[in-house]
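Here is a note for a colleague opening this model for the first time. Please read it with the structure in view.

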Amino acid sequence: MMQLMPLIFSLASTVLVIGDSVSGIAATPALQTVDPGNEWIYCAPGDNCQSTQYALEFDRIDGWLASAVYDCIVVNFGLHDIIVTPDLNEYAANLQEILLR
């Protein structure tokens, strides 16, 4: 997958990163080095997107996705889910629902 990332990102001009605080602190800057020509947008309402459950509550994910049209969307959840949604089946179901949006 890591070998495909430069190709995928080189074809995308706008990339949205949705996820927990790690997305803004570490993941987004690291991804920006793959292709610095992209217009990167980090989705961080308030402090961060927290958990998959938080993203799905009140259809927050729909609001985040509705702000523009993106060529590529990177989803990075996990740290908050360890506490909020420790059941792996629920976490997987939440991720699937997010990806289907």
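**Notes on the fold, cores and salt bridges**

1. The chain has six helices and three strands. Helices (H or I, at least four residues) and strands (E, at least two) are DSSP runs, numbered from the N terminus. Along the sequence the pattern reads α-β-α-β-α-α-β-α-α. The model is predicted: local features need pLDDT of at least 70, side-chain atom pairs count only at pLDDT 80 or more, and totals for chains, interfaces and linings use all residues. Residues are numbered from 1 along each chain as its sequence is written, and side-chain values use heavy atoms, with hydrogens and water left out.

2. Start with burial. Of the 101 residues in the chain, 38% are buried. Buried means under 20% relative accessible area, exposed over 50%, and partly exposed in between (1.4 Å probe, protein chains only).

3. The largest nonpolar core has 13 residues. Such a core is a set of buried Ala, Val, Leu, Ile, Met, Phe, Trp, Tyr and Cys residues joined through side-chain atoms within 4.5 Å. I18, A55, I61, W64, F77 and I98 have the most contacts inside it. Two or more residues each come from β1 (14-19), α3 (52-56), α4 (60-66) and α6 (88-100). Another core, of six residues, lies apart from it; L31, W40, C72 and V74 are among them. In soluble globular proteins, nonpolar side chains tend to be buried together.

4. Now look at α6. This helix has 13 residues and reaches 18 Å from its first C-alpha to its last, close to the 18 Å expected at 1.5 Å a residue. The expected span is 1.5 Å times one less than the number of residues. Which residues of α6 are buried? They are Y91, N94 and I98. Seen down the axis of α6, they fall within an arc of 65°, so they line one face of the helix. The arc is that of the directions from the helix axis to the C-beta atoms. N89, Q96, L99 and L100 are exposed on the other side.

5. V22, L79, I82, I83 and V84 make a nonpolar patch of about 480 Å². Patch members have over 30% relative accessible area and no salt bridge, and nonpolar side chains (Val, Leu, Ile, Met, Phe, Trp, Tyr) are joined within 5 Å. Helix α5 (residues 79-84) gives the largest share, four residues. I83 is exposed at 72% relative accessible area. V84 is partly exposed at 41%.

6. Check the loop between α3 and α4, where F58 and D59 sit. Phi of F58 is near 55°, a positive value in a residue other than glycine. D59 also has a positive phi, of about 55°, and is not a glycine. Most residues other than glycine have a negative phi. F58 is exposed, with a relative accessible area of 73%. D59 is partly exposed, at 43%.

7. How many salt bridges does the whole structure hold? There are four. Each is a side-chain nitrogen of Lys or Arg within 4 Å of a carboxyl oxygen of Asp or Glu. R60 pairs with E57, the closest N and O atoms being 3.3 Å apart.

8. R101 forms a salt bridge with D59 (3.6 Å, N to O). This pair links distant parts of the chain, with R101 in the segment after α6 and D59 42 residues apart from it. R101 also bridges to E97, with closest N and O atoms 2.7 Å apart. D59, D62, E97 and R101 are linked in a network of salt bridges.

How values were computed:
Patch = residues over 30% accessible without salt bridge, like charges linked within 9 Å, V, L, I, M, F, W, Y side chains within 5 Å. Areas by Shrake-Rupley, 256 points an atom, 1.4 Å probe, with all protein chains shown as cover.
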